[in-house]
Amino acid sequence: MQDTIIIDGHEISSNENKELQLNVGTLPSDTVISIHAHIYRGKEDGPTLLFLGGVHGDEINGVESIRHCIEEGYFEKITKGTIIAIPLLNVFGFINFSREVPDGKDVNRSFPGTTLGSLASRVARTLTKKILPHVDYAFDFHTGGASRYNYPQIRYTKDDMASLELAKVFNAPFTIMKATIPNSFRRSCKDLNIPAIIFEGGESIRLDGFAISAAVRGIINILRHFKCTNNEIDSGKIRNIHIKKTTWERAAFSGLFTWSKKSGTKIQIGEPLGTIKNPFGTKTATVISRRNGYIIGHNNASVVNQGDALFHIGYEAEEI
Ligand SMILES: [Zn+2]
């Protein structure tokens, strides 16, 4: 039997589910903005898992992935441990179709946050103070920013074997080692000794069925691993490529960009990946790979400037 937990003054006992509204602020219209958190508790003692979406308000694949799991009842049926599901952290960004909160600040650069700080800092603080003290393992769902598409991938923390183990269990097509960014959610988790992984899949504003399926399958794999569920769905092991280093192929010229190799593709040095053409039919440049590796993300922008990131390449790769 699990002990009762108290979140934001609400008691949630063993074998009980609750929906909480955590207040973060108000809009200029005086409309109250709160973070909607679902708490699911199994009967048996077990770990607390946080599934978090929409830290960037326009990265809606994560929102949809967690929403789908709630709708399907995957969390409701847990027998062991606790699930905290927050499909949408950054409500401000979501209603503005924006990565940031209205003052232009990025929640994922505002951790651990302060009570009297900017909106982004207050959102971060609410999560840090009210939710993270209860969490044993954290899963944060993102997409590529702007027009960049990410092939479904897990990012785990360098030198943190517990997060690598979570990545293996999650079983996305790519597992990528990344140092944590200062003031990010993952850095806060690291400071609090909470193993955390980031799922990246698809691009902002657009729902992507392939990325959402990969995210949902990963969530089920995690629930099964921690024996939270008796769910016998066999999600099936897929090929998982472990990547230790990443680099960007950038635009050497400005112009109209068309990719010919897409994300997920294995590539070799010298291979053409796409073209950039000037608008007048007089100049065409080919984007060539400088590495042997995999395309883990690409830019869907049709007009690019010199220096723009075009292809995210993963190398030093091996199957795990
Ligand atoms: Zn993001």
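The protein falls into two parts, domain 1 (5–225) and domain 2 (245–319), with bounds that come from an automatic or database domain assignment. The model is a predicted one, in which local features need pLDDT of at least 70 and side-chain atom pairs count only at pLDDT 80 or more, while totals for chains, interfaces and linings use all residues. Residues are numbered from 1 along each chain as its sequence is written.

Eleven residues from domain 1 and twelve residues from domain 2 make the contact, where two residues are in contact if their C-beta atoms, placed from the backbone, lie within 7 Å. On the side of domain 1 that touches domain 2, β8 (148–157) and β9 (174–178) each supply at least two residues, and β8 gives the most, with five residues. That side of domain 1 divides into five nonpolar, four polar and two charged residues (Ala, Val, Leu, Ile, Met, Phe, Trp, Tyr, Cys and Pro count as nonpolar, Asp, Glu, Lys and Arg as charged, and the others, Gly among them, as polar).

Next comes a pair of helices. Helices (H or I, at least four residues) and strands (E, at least two) are DSSP runs, numbered from the N terminus. The axes of helix α1 (residues 60–72) and helix α6 (residues 209–225) come within 9 Å and cross at roughly 50°; axes are lines fitted to C-alpha atoms, for helices over the stretch in contact, and angles run from 0 to 180 degrees between N-to-C directions. The two helices are therefore oblique to each other (under 35 degrees counts as roughly parallel, over 145 as roughly antiparallel, 65 to 115 as roughly perpendicular and the rest as oblique). In this contact, α1 contributes N61, G62, E64, S65, H68 and C69, and α6 contributes A211, I212, A215, V216 and I219. By class, these are six nonpolar, four polar and one charged residues.

Strands bring the tour to an open sheet, in which four strands follow the order β15-β14-β12-β17 with antiparallel pairing; two strands pair if DSSP finds at least two bridges between them. β15 and β17 (303–304) stand at the edges with a single partner strand each, so one side of each is left without a neighbour in the sheet. Five bridges join β14 (residues 272–277) to β15 (residues 284–288), and K277 has T284 of β15 as its bridge partner. These two strands form a hairpin with six residues between them, and G281 in the turn has a positive phi of about 75°. Two bridges join β12 (residues 255–259) to β17, with L256 opposite V303 in β17.
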